[in-house]
Amino acid sequence: MAKSLYQTLEISEKASPEEIKKAYRKLARKYHPDVNKDPNAVEKFKEINAAYEILSDPKKKNEYDLYGDQMFGGQHFHDFAKKQGGPDIDLDEILRNIFGGSSKGFDESFNTPFRSKSLDQKTSITIAFMVAVLGGKHNISVNGESFDIKIPEGIKDGETMRVKGKGNFSDGQRGDLLIDVKVAPSPDYVRDGNDLYKDMNVPLKVALFGGRLDVETLQKTVSIKIPENIKNGQKLRVRGAGTYDRKTTLYGDLYLKANIVLPSINIFDEEFKELLKEKLPDRE
C-alpha cells in the first residue's frame with residue numbers, strides 16, 4: 001500500500017514520533033520560503049507541513065497507516081493536492097475535508113514550525129502527610145487519563161513535581177505536567193524542614209522518678225529514656241528519626257514534647273490523699 005507522506009518527510013513507515021519530528025524540522029528549515037528562494041519552495045513547504053500534520057497526530061496517523069494513499073484516491077499526496085486547485089491550493093482545507101473537524105494547519109506566515117509555545121500543563125494535588133514523609137503513590141486524573149505518580153520520600157508542601165509527557169498535546173508534541181504538591185496536616189506530627197515534632201504522653205510517676213517509654217516513630221518503635229523530674233513541654237531528641245532530605249540524603253531529627261499526664265485524684269485512698277496534701281508543695 002503506497003504511503004507517500006512518509007516519502008514526503010523522507011522517513012520510513014516505522015519512524016518513531018521523535019524521528020518524524022526531527023525530519024519535519026530539518027525539511028521545514030530547508031524549504032522555508034524565507035530561506036529558500038526557489039519558486040517551488042512554497043508548495044514543497046506546504047506539502048511537508050501537510051505530511052507532518054497527519055503523521056504527528058496519532059489518530060490521523062493510524063487512519064493513514066490503515067488506508068494509505070487510498071485516502072487521496074490512490075495518488076501520491078503531491079499529485080492529489082495539485083488537482084484540488086492548482087498553485088493556490090488550501091492544504092488546510094483539504095485535510096479538514098479528509099479528516100473532518102478543524103485542522104491545526106499551517107500559519108500563513110510560515111512561522112508555525114518555529115513558533116514558541118509552551119505545552120506544559122499545571123495542576124495541583126493534596127497528599128497525605130505520611131505519603132509525603134515516607135513516599136508512595138498517588139493517583140491523578142488529567143486530560144481524561146488516570147495514572148499513578150511516584151511521590152518521593154520527604155517531599156515538602158509547596159514543591160513542584162514534573163511528570164514527563166503528560167501535559168498538553170499539539171502538533172505532534174506533548175508537554176510535561178507540572179504538579180503543585182500540597183501536604184495535608186497530620187494529627188500527630190508537626191514538620192519544620194526535615195525535623196518532626198510530636199507530643200509524648202508521660203505518666204506522672206515516670207515524670208517524677210524517670211523511666212523508659214516506647215514511642216512510635218516514622219520508621220519503628222523506639223524506647224526513650226525519661227529523666228527524673230522532666231518538665232511539662234520539655235523536648236527530647238531522637239536523632240535521625242525525622243524526614244529524608246533528598247539533597248543531602250540525610251534524615252532530620254524527631255523532637256518529642258513531654259506532656260505529663262496527671263492521674264485522677266479519685267484513684268487514691270483517703271489516707272494517701274491527705275499525705276499528698278501535706279507533702280506536695282504549693283509552688284515550685
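User: Why are helix 2 and helix 3 called roughly antiparallel to each other?

Analyst: In this predicted model, helix 2 (residues 17-31) and helix 3 (residues 41-55) pack at an angle of about 165 degrees. Angles over 145 degrees count as roughly antiparallel, and therefore the pair gets that name. The axes of helix 2 and helix 3 are 9 Å apart.

User: Why give both an angle and a distance?

Analyst: Two packed helices are described by the angle between their axes and by the distance between those axes.

User: Which hand does the crossing of helix 2 and helix 3 have?

Analyst: Helix 2 passes helix 3 in a left-handed crossing. On the side of helix 2, the contact is made by I20, K21, Y24, L27, A28 and Y31. Helix 3 contributes A41, K44, F45, I48, N49, Y52 and L55.

User: How do the residues of that contact divide into nonpolar, polar and charged?

Analyst: The contact of helix 2 with helix 3 has 10 nonpolar residues, one polar and two charged. Lys counts as charged, and K21 of helix 2 and K44 of helix 3 are among the contact residues.

User: What makes D176 count as buried?

Analyst: The relative accessibility of D176 is 12%. Buried means under 20%, so D176 falls in that class. D176 lies in the loop between strand 6 (173-174) and strand 7 (177-183).

User: What does the side chain of D176 reach, and how do you know that its pairing with R162 is a polar contact?

Analyst: The side chains of D176 and R162 come to 2.9 Å. A polar contact requires N or O atoms within 3.5 Å, one able to donate a hydrogen and the other to accept it, and the pair of D176 and R162 is listed as such a contact. The side chain of D176 also reaches the backbone nitrogen of G165 at 3.0 Å.

User: Which residues is D176 in contact with, leaving aside neighbours within four places in sequence?

Analyst: The contacts of D176 are L119, D120, Q121, R162, V163, K164, G165, K166 and G167.

User: Why is E10 called exposed, while N229 is called partly exposed?

Analyst: E10 has a relative accessible area of 53%, and exposed means over 50%; E10 is therefore exposed. N229 stands at 46%. That value lies between the cut-offs of 20% and 50%, so N229 counts as partly exposed.

User: What is noted about the phi of E10 and of N229?

Analyst: E10 has a positive phi of about 60 degrees although it is not a glycine. Phi of N229 is near 55 degrees, also a positive value in a residue other than glycine. E10 sits in the loop between helix 1 (4-8) and helix 2. N229 is in the loop between strand 11 (221-226) and strand 12 (235-238).

User: Is K231 buried or exposed?

Analyst: K231 has a relative accessible area of 52%. Over 50% means exposed, so K231 is exposed. K231 lies in the loop between strand 11 and strand 12.

User: What does K231 touch, and where is the backbone oxygen of N229 relative to its side chain?

Analyst: Not counting residues up to four places away in sequence, K231 touches A258 and I260. K231 and I260 are 29 residues apart in sequence and 7.8 Å apart in space, C-alpha to C-alpha. The backbone oxygen of N229 lies 3.3 Å from a polar atom of the K231 side chain.

User: How many helices and strands are in the chain, and what share of residues counts as buried?

Analyst: The chain has nine helices and 13 strands. Of its 284 residues, 38% count as buried.

Terms used
Residues are numbered from 1 along each chain as its sequence is written. This is a predicted model: local features need pLDDT of at least 70, side-chain atom pairs count only at pLDDT 80 or more; totals for chains, interfaces and linings use all residues. Side-chain values use heavy atoms; hydrogens and water are left out. Axes are lines fitted to C-alpha atoms, for helices over the stretch in contact, and angles run from 0 to 180 degrees between N-to-C directions. Helices (H or I, at least four residues) and strands (E, at least two) are DSSP runs, numbered from the N terminus. Angles under 35 degrees count as roughly parallel, over 145 as roughly antiparallel, 65 to 115 as roughly perpendicular and the rest as oblique. A crossing is left-handed if the near helix is turned anticlockwise from the far one by less than a right angle, and right-handed if clockwise. Contact means heavy atoms within 4.5 Å. Buried means under 20% relative accessible area, exposed over 50%, partly exposed in between (1.4 Å probe, protein chains only).
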